[in-house]
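Look at the structure below and follow the report section by section. Keep the sequence at hand as you read.

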Amino acid sequence: DGTVFPSEHSVIPIENEQGKRTRRVSVVRDITQRKLAEEALRALSTRQEAILAAVPDILMEVNKDKVYTWANPAGLAFFGEDVIGKEAAFYFEGEQDTNDIVSPLFNSSKEVIYVESLQRRKDGEKRWLAWWCRVLKDAHGNVVGVLSSAHDITERKRTEQALAVSEIKFRWLYEYAPSAYHLLTSDGILTDVNHRWCELLGYRREEVLGRAIFDFVVEEERELAKASFEKKKQSRQPFIEGSERNYKTKDGAVRTFKTYDFFALDEGQNIASVQTTIEDITERKQAEQEIVSLAKFPSENPGPVLRLSRDGVVMYANKASGALLGMWGCAVGGSAPQFWCDLAAQTLANSENITVDIECDGKIYSMFVTPVAEPGYVNLYGRDITERKQGEDRIRRQLEHLTALSGIDRVISANFD
């Protein structure tokens, strides 16, 4: 019918009885299907080669002896054109157990294994490769080699190492910071505390982790602390400067802390954790109370307490100073008599304390004058020494009397002589 088709010819010679070839028989076989299959296979192979060439990852094949037998273009570009025929271990950098890790592939105990390995590139640079290794078997199920794909993860490794170093530094700074820190869940449960926190409250870390932070607040403030915490959570603010709170240490002492709360929010704006910085203000609060107490002291002092500027202006006078101010003829804001103006200037110039006794309204006061150099004023503290002076006067008069009597005795004795 005129159809053209590929064929395969076989010629068989025919011999006679004397062994001479007398004719030939030709067998023609239609190989159209085989040719079509070959072309399809060739197209498939070309397509697969194109796919392998387009794959950016390294693809390598080793035989049972772990010798490279094939590489895709990415593999050749990484290891070099001479990689075929070399053992995989030839490219390992440093001591590593890669061969031990992949050995289950070669004894058929595993089909796929993942391993990370530091390897030498053709230019000598050390690079981290992440390998996915799959076993290759023949038609009888015998292991013939391993096909592996590798991805360069050097930058990821460097990032991980940098993060690890950064985490170590952060942990060290966190752990040994001069301020106390704790981490809380959204329910106020302690998940971490640093060394300073333990030092202030007297606990070991393992004694407090898993407990509610409110357990350490003094009982009378506990409910208030819980309500304050809930209010902070509802605000959804990333940073909140908390109120002052009294905590009880392990030995029962009470310390005053001021808290600074940092709220970490997840993608749904829910609180993931709370990091709190604690400032110990116990000594400061005690100092403030002392200042308040000292501030009240002059007004409560039964003796006169005054403050004069460098120029002798009365800056302050307590209630007990009223008689003295009356004697001076001035009030707060006015100038003291010249004697006291000169005394204030002298005291500040010499930076020395002076004591002056004065009489006022029938009483005798010992005025202690002390300079306060930096702001430039002097404080006067009066102490009532009336009774002491009166006692001294009585003693003096008695001595004078005794002295007089002693003189009379001497006169009488002389007359008798």
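## A lysine in a loop

K250 is partly exposed, with a relative accessible area of 42%. This comes from a predicted model. K250 forms a salt bridge with E207, and their closest N and O atoms are 2.8 Å apart. K250 sits in the loop between β10 (239-248) and β11 (254-265), while E207 belongs to helix α6 (residues 205-208), so the pair ties together parts that are 43 residues apart in sequence. What about the partner? E207 is partly exposed too, at a relative accessible area of 23%.

Side chains of opposite charge can pair when their charged atoms come close. The count of salt bridges here comes to 30.

Helix α7 covers residues 219-235 and holds K233. Is K233 buried or exposed? K233 is buried, because its relative accessible area is 14% and the cut-off for buried is under 20%. Which residues does K233 touch? Leaving out residues up to four places away in sequence, K233 touches S186, D187, F263 and I271.

A salt bridge also joins the side chains of K226 and E223, at 3.7 Å from N to O. K226 and E223 are 3 residues apart in helix α7, which means about one helical turn separates them. An α-helix has 3.6 residues a turn, so residues three or four places apart point the same way. K226 is partly exposed, with a relative accessible area of 34%. E223 counts as exposed, at 57% relative accessibility.

## A network of charges

Salt bridges that share partners join R121, D123, E125, R127, D152, E155 and R158 into one network. One link is the salt bridge between E125 and R127, whose closest N and O atoms are 2.9 Å apart. E125 is partly exposed, with a relative accessible area of 29%. R127 counts as buried, at 10% relative accessibility.

## Strand β7 and its partners

Strands of a sheet pair through backbone hydrogen bonds, either parallel or antiparallel. Strand β7 (residues 143-152) runs antiparallel to strand β3 (residues 58-63), and 6 bridges join them. In this region, V62 stands opposite V146 of β7.

How many bridges join β6 to β7? There are 9, and β6 (residues 126-137) and β7 run antiparallel. W132 has S149 in β7 as its bridge partner. The hairpin of β6 and β7 has 5 residues between the strands, and G141 takes a positive phi there, near 85 degrees.

## Helix α3 and what it packs on

Which residues of helix α3 (residues 98-106) are buried? They are T98, V102, P104, L105 and F106. These buried residues of α3 pack against β3, β5 (112-120), β6 and β7. After α3 comes S108, with a positive phi near 70 degrees.

## An open sheet of five strands

Follow the order β14-β13-β17-β16-β15 across the structure. These 5 strands form an open sheet with antiparallel pairing. β14 (314-317) and β15 (354-360) stand at the edges, and each has a single partner strand, so one side of each is left without a neighbour in the sheet. Neighbouring strands of this sheet are turned by 25 degrees against each other on average, with direction ignored.

β15 pairs with strand β16 (residues 363-372) in the antiparallel sense, over 7 bridges. The bridge partner of I358 in β16 is Y365. Helix α10 (residues 338-350) lies across β13 (305-309), β15, β16 and β17 (377-384). Helix α10 runs at about 40 degrees to β16.

In a regular strand the side chains alternate between the two faces of the sheet.

## A nonpolar patch on the surface

Now turn to the surface. I12, V25 and V27 form a nonpolar patch there, with about 210 Å² of accessible area together. I12 has its place in strand β1 (residues 7-15). I12 is partly exposed, with a relative accessible area of 43%.

Notes: Residues numbered from 1 in each chain as written. Predicted model: local features only at pLDDT ≥ 70, side-chain atom pairs only at ≥ 80, totals over all residues. Heavy atoms only, no water. Patch = residues over 30% accessible without salt bridge, like charges linked within 9 Å, V, L, I, M, F, W, Y side chains within 5 Å. Areas by Shrake-Rupley, 256 points an atom, 1.4 Å probe, with all protein chains shown as cover. Salt bridge = Lys/Arg side-chain N within 4 Å of Asp/Glu carboxyl O. Helix = DSSP H or I, 4+ residues; strand = E, 2+ residues; numbered from the N terminus. Buried < 20%, exposed > 50% of the residue type's maximum accessible area, 1.4 Å probe, protein only. Pairing = 2+ DSSP bridges. Contact = heavy atoms within 4.5 Å. Axes fitted to C-alpha atoms, helices over the stretch in contact; angles between N-to-C directions.
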